[in-house]
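Welcome! Take a moment to turn the model around on your screen, and then let us walk through it together.

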Amino acid sequence: MIDFRSDTVTQPTIEMRRAMADAPVGDDVYGDDPTIAHLQRSAAERMGTEAALFCTSGTQANLLALMSHCGRGDEYICGLQAHNFKYEQGGAAVLGSIQPQPVVNQADGSLAIDDIRAVIKPDDVHFARTKLVSVENTIGGRVLPMNYWPAIQQLCHSQQLALHIDGARLFNASVQLGVDIQSITRHVDTFTICLSKGLAAPVGALLFGSKDFIQQATRIRKMLGGGWRQAGILAAAGQIAFDVMPERLSDDHVLAHYLAKRLTEIDEFEVDPLSVQTNMVYARCMQGRSRELQIYLQSRDILIFGGDPIRFVTHLDVNQASVDTLIKGIKDFYTRSI
């Protein structure tokens, strides 16, 4: 199958599989798994933070961040399109009794400074206590500009708020901008990185922050059933994902631009190649037949989401030949429909 649905569908590499088979392991609840310990220590050193925590998923890592920053009855500010608001089943509210305060995402995915300032609650018994601002980078494939970070950092500092990045695809952002990832993360208190998206690990994400923050997050992870045992088998793949795979993300970005250009050949699609920044291409099916197209392509061993717009995602396991096969399949669909 050729799969353009997401970069979560990547298969672990041969090197990852070998590392998993050979990984030394121990009971991580006791702190005895050397492979997990090495991943957390080396990742924290690479990112310039005091500590890091290996988590089951980006969703869990985000939830641990929210619950570590906020207590019951507290509030965090986020975007209406934020993953930790829209796509994580309200976990912060359900499990942490934390109230989200969403604001509209700007065209570039950011949260306007004035919009954030406007919803910060005063110290009044009528209101939830605002404790945190959470932003996402990348969001919908868009990269937040570098000049945004000093501004939002200054706002949060002046209001005594913590600042968190949902950085599931943060390496994509740094690659697209051509900057070291620490030039982004140095502006925030905590952040996450998902290892099982474009970095191709089978499982896992990392949460970064201070030593005290990670200690608190570790306690909450255990409470939520996230106490690992011999999970060094998974951390071994995560180590390769973190150390090696960011280097190839530019290939995904180049391929996404190629895909967008090829989609412009199809009259029934509306796509703006100039809007493509990382590994996601959004195209609108002008005839409203995206679901029919999805079913047809699946019959030809090509997987897409039949949404409106359709999101195509490039990753390790697709290449230029895959794109050419996709384009031919779409053209054949419309040809047979005439």
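Between domain 1 and domain 2, the count of salt bridges is zero. Keep in mind as we go that this is a predicted model. The side of domain 1 that touches domain 2 is made up of seven nonpolar, eight polar and two charged residues. About 1,200 Å² of area is buried between domain 1 and domain 2, and carbon and sulfur atoms give 56% of that.

Let us step back to the chain itself. Domain 1 runs over residues 11-245, and domain 2 over residues 248-337. To their contact, domain 1 brings 17 residues and domain 2 brings 11 residues. If you mark the C-alpha centres of domain 1 and domain 2, you will find them 30 Å apart.

An unreviewed UniProt entry carries the annotation "domain: Aromatic amino acid beta-eliminating lyase/threonine aldolase" for residues 3-284. In the model, the span 3-284 is 41% helix and 17% strand, and its end C-alpha atoms lie 19 Å apart.

Now back to charges. Side chains of opposite charge can pair when their charged atoms come close. How many salt bridges does a search of the whole structure find? The search finds 17 salt bridges. One of them to look at is the pair Asp28 and Arg221, whose closest N and O atoms are 3.4 Å apart.

Finally, follow the backbone through a few loops. The peptide bond from Asn137 to Thr138 is cis, with omega near 0°. Another cis peptide bond joins Asp308 and Pro309, where omega is about 5°. Pro309 has its place in the loop between β11 (302-303) and β12 (310-313).

One more loop deserves a stop, the one between α5 (91-96) and β4 (99-103), where Ser97 is found.

Definitions and conventions
Residues are numbered from 1 along each chain as its sequence is written. This is a predicted model: local features need pLDDT of at least 70, side-chain atom pairs count only at pLDDT 80 or more; totals for chains, interfaces and linings use all residues. Side-chain values use heavy atoms; hydrogens and water are left out. UniProt positions are given in the numbering used here, feature names are shortened, and annotations may be inferred rather than shown by experiment. Helices (H or I, at least four residues) and strands (E, at least two) are DSSP runs, numbered from the N terminus. Domain bounds come from an automatic or database domain assignment. Contact means heavy atoms within 4.5 Å. Buried area is the accessible area (1.4 Å probe) that two parts lose on being put together, summed over both. A salt bridge is a side-chain nitrogen of Lys or Arg within 4 Å of a carboxyl oxygen of Asp or Glu. Ala, Val, Leu, Ile, Met, Phe, Trp, Tyr, Cys and Pro count as nonpolar, Asp, Glu, Lys and Arg as charged, and the others, Gly among them, as polar.
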